[in-house]
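This report concerns helix packing and ligand surroundings. Please consult the sequence and the structure shown below.

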Amino acid sequence: MILVTGGSGFIGANFILDWLARADEAVINLDALTYAGNPENLAAAAADERYTFVQGDIGDAELVAGLLARHHPRAIIHFAAESHVDRSIHGPEAFIQTNILGTFRLLEAARAYWSGLDGRVRQQFRFVHVSTDEVYGSLAEDEPAFDETHRYEPNSPYSASKAASDHLVRAYHHTYGLPVLTSNCSNNYGPYQFPEKLIPLMIVNALAGKPLPVYGDGRQIRDWLYVGDHCSAIRRVLEAGVPGETYNVGGWNEIPNIDIVRTVCVLLDELRPLARGSCRELITHVADRPGHDRRYAIDAGRIERELGWRPAETFESGIRKTVQWYLDNPAWVRNVQTGAYRAWIDAHYPRHVG
Ligand code: NAD
Ligand code: DAU
């Protein structure tokens, strides 16, 4: 079996659902159920006897050691993190706690467990660390995309905390020989993404007839990858990646934010037209994010060449599926828009009104 951390969040839930659909291998999901963790994401797995949910913190050394001793996973896939840049600007401490200290404690538990394994089981054990392209900082318009040798230059408390966790993971391989693999992926989108992130926020706001808040001039560029393609990359890294190595994952889809928002509007105008006018009329430019990175772009050449991974979705196919998913799941959308969600929106967006 495998142990997944943070499996109740956006990417982790997609990963577990895909895993259960493809592999005949059990999964334990260790998740603290923060505001971003949602058991509803895994409703389809709840009755599957191969799926076990454990509510807990990756930083709880005793709990993690007990889980490893009891279940003997052959791999740990580490998704758990505080993941939203804007929240890291408002309150960085939780990011330090989970992303740095939590990853450190998880590494310690993994090291103790792995050290006690024998022969082939020890040789085959893997710790997969799921990280981000944001650790590399921001690219100028004419700079080549990030490859795995790009210098680390994180600019937000979120990316700095992920960079620190990457360095710890690297050090546990170099110093102790722990068989780790790190993936650094670009922006994901798809089903079950919490509507604090750009694409789902634009969809749910448009459906409610609310303004679509675009930071600054909206010309910042992100490199978009459908979540199912990120999950297939992680499975490939687990299966065939070389311990100690890092793999950049991306969809070769550099798109300015304003074009993303316009594309969402085109789809909504087609699939769920407003009573009057176009969704584009809701686009509102607001004050920029402090320290906002201008451009991310991933050179995914290595994972393609060495592990034979390729994304299955184009941006056009993935964004259509995503918009359709939000339209088909109004109850999910309603349930995540709790008091805590509304409090975040009320606290964050007034500051941005330009
Ligand atoms: P998310 O915020 O949707 O989910 C994070 C999950 O981790 C939640 O279920 C939460 O309850 C859980 N969690 C948080 N703190 C925890 C703790 N201390 N112990 C146990 N569980 C805890 O995040 P996501 O977008 O699914 O991202 C998952 C991972 O992928 C993160 O490590 C993130 O840095 C990385 N990543 C995300 C993207 C993206 O575009 N979303 C891109 C590249 C990499
Ligand atoms: O690059 C990978 C990263 O992508 C992950 O590591 C992070 O976990 C994930 O949150 C994401 O970070 P971003 O900051 O790029 O994602 P976000 O959806 O918050 O914003 C995408 C872009 O859209 C960014 O340039 C900011 C802008 N934006 C975002 C929001 C929420 C807006 O213009 N308006 C908004 O309301």
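Predicted model: local features only at pLDDT ≥ 70, side-chain atom pairs only at ≥ 80, totals over all residues.

## Packing of α9 against α11

Two packed helices are described by the angle between their axes and the distance between the axes. For helix α9 (residues 257-271) and helix α11 (residues 315-328), the axes come within 10 Å and cross at roughly 55°. Because of this angle, α9 is oblique to α11. The crossing in which α9 passes α11 is right-handed.

On the α9 side, the contact is formed by I260, T263, V264, L267, L268, E270 and L271. The α11 side contributes F315, I319, R320, V323, Q324 and L327. Sorted by class, this contact of α9 with α11 comprises nine nonpolar, two polar and two charged residues.

## Packing of α7 against α11

Helix α7 (residues 198-207) also packs with α11, at an angle of about 45° and with the axes 11 Å apart. The angle therefore makes α7 oblique to α11. The crossing of α7 and α11 is right-handed.

Residues I199, P200, I203, V204 and L207 of α7 meet I319, T322, V323, Y326 and L327 of α11. The contact of α7 with α11 divides into nine nonpolar residues, one polar residue and no charged residues.

## Surroundings of ligand 1

Ligand 1 is surrounded by 28 residues, of which I11, D31, S83, Y158 and K162 are the closest.

In the side chain of D57, an N or O atom is 3.1 Å from a nitrogen atom of ligand 1.

Key:
Residues numbered from 1 in each chain as written. Chains lettered and ligands numbered in written order. Heavy atoms only, no water. Axes fitted to C-alpha atoms, helices over the stretch in contact; angles between N-to-C directions. Helix = DSSP H or I, 4+ residues; strand = E, 2+ residues; numbered from the N terminus. Parallel < 35°, antiparallel > 145°, perpendicular 65-115°, else oblique. Left-handed = near helix turned anticlockwise from the far one by under 90°. Contact = heavy atoms within 4.5 Å. Nonpolar A, V, L, I, M, F, W, Y, C, P; charged D, E, K, R; others polar. Near = heavy atom within 4 Å. Polar contact = N/O pair within 3.5 Å; in protein donor to acceptor, adjacent residues only side chain to side chain.
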